[in-house]
Amino acid sequence: MRLAVVGATGLVGSEILEVLDEHNFPFDELLLVASERSVGKKITYKTKEYTIIGLDTAVSLKPDIAIFSAGGSTSLEWAPKFAEAGTVVIDNSSAWRMDPTKKLVVPEINAKEIKPEDKIIANPNCSTIQMVLALEPLRQRYGIKRIVVSTYQSVTGTGKAAVDQMMAERAGEKAEMVYPYKIDMNVLPHIDVFQENGYTKEEMKMINETKKIFGDDTIQVTATTVRIPTMGGHSESVNVEFKEDFDINEVRELLSAAPGVIVQDDPANLLYPMPITAHKKDEVFVGRLRRDHSQPNTLNMWVVADNLRKGAATNAVQIAEYFLKHELV
């Protein structure tokens, strides 16, 4: 098993390496790949020193699996080259997510759709992953009519430069501006670029990806995505209207039994999900479960996950594990 991590020097790339270690992912050879400016640099992983190689070299070595976290333009150019060499590409960018010929996979929901001929698999957007994972057991039981989601997203979702901006501002130092405004002690209702319809690209990702993952275009979705000055994970307020009525105790039972979901819902003891406690965890945490009394069949829920873990690295590694388990590579 020859495994490549493309974008190994970035925030998500580093997290992928951590998750591979924690999951004891089996490989015989590991290729750490990055842009030309990083080629030749050394990275120590599990006491072994690795030299960063370039994309051309990595393709020529024909890895069995390549986990990409190197941006959309890199994925559009290089994922097909790896695929042509016989490599399975698991891509973290938005490049392939809405391509009708590519699978958009959250393993607990739709990994069974993967076929041996699938060589490029798209990893969904981080905020989409945690929401659909929390909703899937409820969708199976009650059916979903409409979702209204507002997100509270960590600066880590933008990358290291955004973390540096926030920490510099917090220290009272001059910061390189990744965001159009100060982020520390502030909230930006703006993630990614604005579209002609008034929504941001991030909001449209949540709308479109949710329908594709669930395989149901009839589900109505509306989203407002917001950047807040936190690290450790994304939080979401989700208001979901079901096709059928629900029992709140059954909702808790369904969520408690769902793979990859942890229920933290005990307001009397101030137990609810928070980014600070979800940090470095693989699971999606759900709480503040309560009926919306303003209309029938509607539930409010609070969903938190580490966006670099289940929102990116963990989900990608789980897809790779699925390929191995089902002998698709």
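E77 is partly exposed, with 44% relative accessible area. In this predicted model, E77 pairs with K81 in a salt bridge whose closest N and O atoms are 3.7 Å apart. Side chains of opposite charge can pair when their charged atoms come close. The structure holds 23 salt bridges, and the points below cover some of them.

**Within one helix**
- K81 and E77 both lie in helix α3 (residues 72-84), four residues apart, which means about one helical turn separates them.
- K81 is partly exposed, at 34% relative accessible area.

**Between helices α10 and α4**
- K310 and E108 form a salt bridge through their side chains, at 2.9 Å from N to O.
- This pair links distant parts of the chain, since K310 is in helix α10 and E108 in helix α4 (residues 107-110), 202 residues apart.
- K310 counts as buried at 1% relative accessibility, whereas E108 is partly exposed at 26%.

**Between helices α10 and α1**
- R309 and E22 meet in a salt bridge of 2.4 Å, N to O.
- R309 belongs to helix α10 (residues 309-325) and E22 to helix α1, so their pairing ties together parts 287 residues apart in sequence.
- R309 is buried, with 1% relative accessibility, while E22 is partly exposed, with 46%.

**The network around E15**
- A network of salt bridges links E15, E18, E22, K280, D282 and R309.
- E15 sits in helix α1 (residues 11-22) and counts as buried, at 6% relative accessibility.
- Apart from neighbours within four places in sequence, E15 is in contact with K280, L308, R309 and A313.

How values were computed. Residues are numbered from 1 along each chain as its sequence is written. This is a predicted model: local features need pLDDT of at least 70, side-chain atom pairs count only at pLDDT 80 or more; totals for chains, interfaces and linings use all residues. Side-chain values use heavy atoms; hydrogens and water are left out. Helices (H or I, at least four residues) and strands (E, at least two) are DSSP runs, numbered from the N terminus. Buried means under 20% relative accessible area, exposed over 50%, partly exposed in between (1.4 Å probe, protein chains only). Contact means heavy atoms within 4.5 Å. A salt bridge is a side-chain nitrogen of Lys or Arg within 4 Å of a carboxyl oxygen of Asp or Glu.
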